[in-house]
Amino acid sequence: MSADAILTEKKELACWIARQLFERKMGPGTTGNLSFRHEDKIYITASGTCFGRLTPEDFSCVDFNNLSLWDGKKPSKELPLHKIAYELCPEDTAVIHAHSTYAVLWSCLSHENETDCIPQYTPYLKMTLGTVGLIPYAKPGSEDLFDQFKRYAPKSDGWILKNHGPVVTGSTLMKAFGRLEELEENCRIVWELQGKNGNLIPD
Ligand SMILES: [Zn+2]
């Protein structure tokens, strides 16, 4: 398969994933952004794009090292966050940031363990992703947010930006998508079990 054909396939898969997230209300309106690595570039959803109607033309192509625009539209303002995630997880080739309801709800509460903030009622989150850490709140797209992310993200395997939404990486786009779904599902479980006598499983 040629490099161009692989790129087209990745863009089409990214559009499919974006649509799934939109339909599941995990990326409402023009919120949420996703990216993948291809050769020495990052392809990220352009600023202001809607997950519900994303097309292969809606990507910005930027240089991995200096983030300068190579081709396409203006990138999402969260691009530096994606770059930090790739640097932290050099094996991974995809990053998804969503505004999914239960992860957002969970991120608005205080949690004792901020590097592993989702109590373990089922084994699947740890199996597919690992620990989920909370990143202190800062305005979306701000230098302050990128600084906080750089500082706190190395402590966990996946993240929820406080009062904002989750960020995951994956070795492929599908792996990142699966991890995000697992994270959201586990946030739903812990949210629903609040105040109830649920039984945690051992680590
Ligand atoms: Zn966001």
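Biologist: How many helices and how many strands does the secondary structure of the protein chain come to? Then take me through strand E2, residues 41-45, and the sheet around it.

Modeller: The protein chain has six helices and eight strands. Both are DSSP runs, numbered from the N terminus: helices are H or I with at least four residues, strands are E with at least two. This is a predicted model, in which local features need pLDDT of at least 70, side-chain atom pairs count only at pLDDT 80 or more, and totals for chains, interfaces and linings use all residues. Residue numbers start from 1 along each chain as its sequence is written.

From the N terminus, the order of elements is α-β-β-β-β-α-β-α-α-β-α-β-β-α. The radius of gyration is 16 Å, close to the 17 Å of the globule rule for 203 residues, so the chain is as compact as a globular protein of that length. That radius is taken over C-alpha atoms, and the rule is 2.2 Å times the number of residues to the power 0.38. Along its principal axes, the C-alpha trace spans about 55 × 30 × 30 Å.

Now E2. Buried means 20 or more other C-beta atoms within 10 Å of the residue's own; exposed means 12 or fewer, partly exposed lies in between, and C-beta atoms are placed from the backbone. Across the protein chain, buried residues make up 40% of the 203.

E2 has strand E1 (residues 33-38) as an antiparallel partner, joined by four bridges. Two strands pair if DSSP finds at least two bridges between them. Arginine 37 is bridged to isoleucine 42 of E2. The hairpin of E1 and E2 has two residues between the strands, and glutamate 39 there takes a positive phi near 50°.

Strand E3 (residues 59-63) also pairs with E2, antiparallel again, over five bridges. Isoleucine 42 meets valine 62 of E3. Isoleucine 44 is bridged to serine 60.

E3 leads on to E4. Three bridges hold this antiparallel pair. Cysteine 61 has aspartate 71 of E4 as its bridge partner. The hairpin turn has five residues, and leucine 67 in it shows a positive phi of about 60°.

Step back to the sheet. It is open and mixed, with eight strands in the order E4-E3-E2-E1-E5-E8-E7-E6. Strands E4 (69-72) and E6 (132-135) are the edges; each has a single partner strand, so one side of each is left without a neighbour in the sheet. Neighbouring strands are turned by 20° against each other on average, direction ignored. Helix H6 (residues 173-192) packs on this sheet and touches E1, strand E5 (94-97), E6, strand E7 (158-161) and strand E8 (165-170). Its direction makes about 145° with that of E8. Axes here are lines fitted to C-alpha atoms, for helices over the stretch in contact, and angles run from 0 to 180 degrees between N-to-C directions.

H6 has 20 residues and should span 28 Å at 1.5 Å a residue; its end C-alpha atoms are 29 Å apart, which agrees. The expected span is 1.5 Å times one less than the number of residues. Its buried residues include Leu173, Ala176, Phe177, Leu180, Leu183 and Val190.

The largest nonpolar core has 49 residues; Ala18, Val95, Ile96, Ala176 and Leu183 have the most contacts inside it. Such a core is a set of buried Ala, Val, Leu, Ile, Met, Phe, Trp, Tyr and Cys residues joined through C-beta atoms within 7 Å. H6 gives the largest share, seven residues. Beyond its neighbours within four places in sequence, valine 95 is in contact with residues including Leu34, Val167 and Ala176. Contact means C-beta atoms, placed from the backbone, within 7 Å.

Key: Two residues are in contact if their C-beta atoms, placed from the backbone, lie within 7 Å.
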